[in-house]
Amino acid sequence: MNPTIWMNQISWLDYKQRLIEEQPPIFLPVGALEQHGPHLPLGTDGLLASAVAADTAERVKGLVAPTLSYGYKSQPKCGGGQHFCGTTSVDAATLVGQVRDAVREFARHGASKLVIVNGHYENQWFLIEGIDLGLRDAKAADPACALQVMRLEYWDFMTPDTLGDVFPDGFPGFALEHAAVLETSMMLHYHPHLVRLDLIPDDGPADFPPYDMYPARTDWVPPSGVLSSARGSDATKGMLLANEVAQRMAEAVANGFILPKA
Ligand code: ZN
Ligand code: MN
């Protein structure tokens, strides 16, 4: 049988056999098409979610489904906002619908463990809604449906110890870490040829008031799109973070699903 972790590279017969024989966890990465400063590509969130999903799938004999590559609208305080060229986002209802349909379809084919790996801050509540509606659909179609869904933001698997090593001068927080040291270091680990270290800007950290305004105040956001500096990023830090995330995600997957009663 095809041993790959990539679901879109195996046949339907291989997929069916693996579902029946192994009940593999299926990873669904979710990203965004969003500016990440001058030095990182627009697809950074999906590329990183997919990469950590793949590293985790290797550890738990899982499968990785193709990434949902468009995310919910970028917000100034965590992604720079919608005013950047190339930040190509979907309405909440669209993302909810995509996740709802995916959950229902994985359930319909007999998957029992689905892991939704979020790489874009703004997606979170719409993933939750999509999972809830998808499971409701699946239960309505088949009350014996066995699917359980785990949802996670991969950065929550970074420990304070490791963040302390990566940020000797203090961690600015995940929201401001947009296109900064975490994402840049992890991209240097996984996709070094996509990173332009020579273009890292000196902006940041951004200083936002404790409220939001609509329409968004674009002048609150550094013109480069980077919310805190990416200086100090390197592939070693990226490897440290990536390995910790994959190892701890694998433990979560091994422990998180309730086994069906025999
Ligand atoms: Zn990002
Ligand atoms: Mn993002």
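Mentor: Let's start with how helix angles are taken: axes are lines fitted to C-alpha atoms, for helices over the stretch in contact, and the angles run from 0 to 180 degrees between N-to-C directions. Please also keep in mind that this model is predicted.

Trainee: Thanks! At what angle does helix H8 run to E4?

Mentor: Helix H8 covers residues 235-256. It lies across E1, E3 and E4. Its angle to E4 is about 155°.

Trainee: And at what angle does helix H5 run to E4?

Mentor: Helix H5 takes in residues 124-141. It lies across E1, strand E3 (113-118) and E4. Relative to E4, helix H5 runs at about 180°.

Trainee: In what order do the four strands stand in the open sheet?

Mentor: Four strands build this open sheet, and their pairing is parallel. Strand E2 (63-64) and strand E4 (148-153) each have a single partner strand, so one side of each has no neighbour in the sheet and both stand at the edges. Read across, the order is E2-E1-E3-E4.

Trainee: Which residue in E2 is the bridge partner of Phe 27?

Mentor: Strand E1 spans residues 26-30, and its parallel pairing with E2 rests on two bridges. Phe 27 has its bridge partner in E2, and that partner is Val 64.

Trainee: Let's look at the whole chain. What is its radius of gyration?

Mentor: The chain holds eight helices and four strands, running α-β-α-β-α-α-β-α-β-α-α-α from the N terminus. For 262 residues the globule rule gives 18 Å, and the chain's own value is close to that, so the chain is as compact as a globular protein of that length. Its radius of gyration is 19 Å.

Trainee: What share of the residues of the chain count as buried?

Mentor: A residue counts as buried when its relative accessible area is under 20%. The chain as a whole exposes about 12400 Å², with carbon and sulfur atoms supplying 56% of that area. Of its 262 residues, the buried share is 50%.

Trainee: Among contacts with a separation of 6 or more, what share comes from residues 24 or more positions apart?

Mentor: Here, contact means heavy atoms within 4.5 Å. Of the contacts in the chain with a separation of 6 or more, residues 24 or more positions apart account for 76%.

Trainee: Now the rings! Is the aromatic pair of Tyr 121 and Trp 155 stacked or edge-to-face?

Mentor: There are six aromatic pairs by the ring rule. For Tyr 121 and Trp 155, the distance is 6.1 Å centre to centre, with 15° between the planes. Planes under 30 degrees apart meet the cut-off, so this pair is stacked.

Trainee: How many residues apart are Tyr 121 and Trp 155?

Mentor: Tyr 121 sits in the loop between E3 and H5, and Trp 155 in the loop between E4 and helix H6 (160-166). Their pair links distant parts of the chain, and the gap between them is 34 residues.

Trainee: Is Trp 155 buried or exposed?

Mentor: Tyr 121 is partly exposed, at a relative accessible area of 40%. Trp 155 has a relative accessible area of 10%, and buried means under 20%. Trp 155 is therefore buried.

Trainee: Which residues do ring pairs link into a cluster with Trp 155?

Mentor: The rings of Tyr 154 and Trp 155 have centres 5.2 Å apart and planes at 70°, so they form an edge-to-face pair. Tyr 154 is buried too. Alongside Trp 155, the cluster contains Tyr 121 and Tyr 154.

Trainee: Last one: which residues does Ser 50 contact, leaving aside neighbours within four places in sequence?

Mentor: Ser 50 belongs to helix H2 (residues 44-60). It is buried, with a relative accessible area of 13%. Beyond those neighbours, its contacts are Trp 6, Pro 29 and Thr 67.

Notes. Residues are numbered from 1 along each chain as its sequence is written. Chains are lettered from A and ligands numbered from 1 in the order in which they are written. This is a predicted model: local features need pLDDT of at least 70, side-chain atom pairs count only at pLDDT 80 or more; totals for chains, interfaces and linings use all residues. Side-chain values use heavy atoms; hydrogens and water are left out. Two strands pair if DSSP finds at least two bridges between them. The radius of gyration is taken over C-alpha atoms; the globule rule is 2.2 Å times the number of residues to the power 0.38. Buried means under 20% relative accessible area, exposed over 50%, partly exposed in between (1.4 Å probe, protein chains only). Accessible areas come from the Shrake-Rupley method with a 1.4 Å probe; for residues, only the protein chains shown count as cover. Rings of Phe, Tyr and Trp (its six-membered ring) pair if their centres lie within 6.5 Å; planes under 30 degrees apart count as stacked, over 60 as edge-to-face and the rest as tilted.
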